[in-house]
Amino acid sequence: MGVSHHCVVELSNIKTMLIGGQTLRYHHDYYSNIKDNEEREENLFSNLVWVFDWHTMEWKQMSRLHKGRHSHSCAQTLDKKLVAVVGGFTDIDQPSLDVEVFDVDTEEWRILKNSKLPWEVVGVPFILHQGVP
């Protein structure tokens, strides 16, 4: 199984985080015509989060996103304490307006309350403004 439409954040000089994406067990593209539920189940919106350690050359699975998503954007705060994930799709033709934040110290995700995006954000870069995503 592979993954596409994910995002990647550099946590430190030695750790890189891969977040969500679309799993492609049978290599369906998001826009392909999926006719039955069995086939659709293989075209999932991943909530998996992995960190690669460049010293040990090993992957470690982290706590999962609350909602699986693909084609989302992500960024880390300048103090490197938080990773924010915004937008993307959480289901076929279902854009997410939620913002999820990963606390690097506690290694836990939370959905920011009262932070619904005012519009759909799909497949665009995430920019830091004055150190805040």
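This is a predicted model: local features need pLDDT of at least 70, side-chain atom pairs count only at pLDDT 80 or more; totals for chains, interfaces and linings use all residues.

Me: Is strand 3 mostly covered or mostly open?
Reply: Strand 3, residues 15–23, is mostly covered, with 8 of its 9 residues buried.

Me: How many bridges join strand 3 to strand 4?
Reply: There are 7 bridges between strand 3 and strand 4 (residues 45–53), and the two run antiparallel. Within that pairing, Lys15 has Asp53 of strand 4 as its bridge partner.

Me: And which strand forms a hairpin with strand 3?
Reply: Strand 2 does, with 4 residues between the two. Strand 2 (residues 7–10) is antiparallel to strand 3 and joined to it by 4 bridges. Val9 stands opposite Met17 there.

Me: Changing topic, how many salt bridges are there?
Reply: The count comes to 3 salt bridges. One of them joins Lys60 and Glu107, whose closest N and O atoms are 3.8 Å apart. Lys60 is in strand 5 and Glu107 is in the loop between strand 10 and strand 11, so the pair ties together parts that are 47 residues apart in sequence.

Me: What does Glu100 form a salt bridge with?
Reply: Its partner is Arg69, with the closest N and O atoms 3.3 Å apart. Glu100 lies in strand 10 and Arg69 in the loop between strand 5 and strand 6, so this pair connects parts 31 residues apart in sequence.

Me: Why does Glu100 count as buried?
Reply: Glu100 counts as buried because its relative accessibility is 0%, and buried means under 20%. Arg69 is also at 0% relative accessibility and counts as buried.

Key: Residues are numbered from 1 along each chain as its sequence is written. Side-chain values use heavy atoms; hydrogens and water are left out. Buried means under 20% relative accessible area, exposed over 50%, partly exposed in between (1.4 Å probe, protein chains only). Two strands pair if DSSP finds at least two bridges between them. A salt bridge is a side-chain nitrogen of Lys or Arg within 4 Å of a carboxyl oxygen of Asp or Glu.
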